[in-house]
Amino acid sequence: MRIDGEAWRTIGLAADGCSVWVIDQTQLPHRLETRTLRTCEQAAEAISTMVVRGAPLIGVTGAYGLMLALQQDPGDQALEAAHARLLGTRPTAVNLQWALDRVRDLVVPLPLQQRADAAKQEAGRIADEDVAMCEAIGEHGLGLFQQLAAARPPEKEGQPFNVLTHCNAGWLATVDWGTALAPIYKAHRAGLNVHVWVDETRPRNQGASLTAYELGREGVPHTVIVDNAGGHLMQHGQVDAVIVGTDRTTARGDVCNKIGTYLKALAAHDNGIPFYVALPASTIDWSLGDGVAEVPIEARSPREVSHIGGRVDGGEELLAVQLIPDGSEAFNPAFDVTPARLVSALITEKGVASASEAGLRGLYGALD
Ligand code: MRU
């Protein structure tokens, strides 16, 4: 997607052919900076400090992290240690394990001298496949949006098609296009008068900082709202659809996504508003059924709750401000699970399905 008219991805192989550049998302929306990752440890740090974040992008960064590790030491022991180090960075998004296993399984049978190069090729393939899957999600979601927009009552004629989204499931969370935002970009390009309500998404404000940033660079009309405003807007007919991404989708269609997603699904259900979840195959964990009981939920630092980051008005300096009293405890579960019954449909690269085992199997086939 574009920043100031220039096409960008979030990650890529650097010009030296052996290191990796990423957009540093901790600096957005105020500074557009890239960082170079030269070691597996730097890749692991980038994931855990959220220089890169978003389920698909974490997976691709992990794959490149294994490449960096193999460049230093292609032996089995070093490979296993690198796999474990990268996997331990963030527990919830299943894409990380999926991508790490894919690279490891590919290189293990190879001679040592071929492993780093094979990992490089595979990481590149994972990145390119992610772009293709996200674009296909965009096409399928566009069809849904067009149907919904066409079915609106006559009094909504001429009004924008209002979509609410939570967190950042845009191109910054993937390699390009995004998951939940891909249908929005497609709709905007297709001439649908789309407007996006952007949940700020406390505590880290991925909506206010990242979703607003990327929608703005693409010229998509949007408005940032506090997380608690969504239910009110839904009650007053100001939301036509909700669309979010997911970090782990279970075989029966429960979806784990950024904390607060569940509350938006409840509000959408209460108001008869479609609640869509957009995902590539790499986000499905076929081994899990009951998402509430089984998906590991990352607890991040209480400091993300007690403090908020931003730019000094009119200045360049980025700083953190303390919000809570000295001595108060803070707790920071980073994700929650929305049960399948609250999800109107899953939008995948293979098409649209009900959030159910039958729906997912209909798209992806039975397990071997
Ligand atoms: O903690 P983050 O910023 O990595 O969380 C990201 C999300 O929850 C996204 O909605 C999810 O990864 C889907 S991304 C395409």
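The model is a predicted one, in which local features need pLDDT of at least 70, side-chain atom pairs count only at pLDDT 80 or more, and totals for chains, interfaces and linings use all residues. Residues are numbered from 1 along each chain as its sequence is written, and side-chain values use heavy atoms, with hydrogens and water left out.

**Strands**

Helices (H or I, at least four residues) and strands (E, at least two) are DSSP runs, numbered from the N terminus. Two strands pair if DSSP finds at least two bridges between them. Strand E3 (residues 11-13) runs antiparallel to strand E4 (residues 20-23), and 3 bridges join them. The two form a hairpin with 6 residues between them, and in its turn Gly17 has a positive phi of about 80°. E4 also pairs with strand E5 (residues 34-37), in the antiparallel sense and over 4 bridges. Here Trp21 stands opposite Thr36 in E5.

**Salt bridges**

A salt bridge here is a side-chain nitrogen of Lys or Arg within 4 Å of a carboxyl oxygen of Asp or Glu. Searching the whole structure gives 26 of them.

| Pair | N to O distance |
|---|---|
| Glu41 and Arg85 | 2.8 Å |
| Arg90 and Glu298 | 2.9 Å |
| Glu218 and Arg189 | 3.3 Å |

Let us start with the salt bridge between Glu41 and Arg85. It links distant parts of the chain, with Glu41 in helix H1 (residues 40-48) and Arg85 in helix H3 (residues 76-87), 44 residues apart. For accessibility, buried means under 20% relative accessible area, exposed over 50%, and partly exposed in between (1.4 Å probe, protein chains only). Glu41 is partly exposed at 39%, and Arg85 is partly exposed at 31%.

Next comes the salt bridge of Arg90 with Glu298. Arg90 sits in the loop between H3 and helix H4 (94-107), and Glu298 in the loop between helix H10 (291-294) and helix H11 (303-306), 208 residues apart. Both Arg90 and Glu298 are buried. They also belong to a network of salt bridges that links Arg90, Arg204, Glu298, Arg300 and Glu304.

Finally, Glu218 forms a salt bridge with Arg189. Glu218 lies in the loop between helix H7 (206-217) and strand E8 (222-225) and Arg189 in helix H6 (residues 181-189), so this pair ties together parts 29 residues apart in sequence. Glu218 is buried at 6% relative accessibility, whereas Arg189 is partly exposed at 44%.
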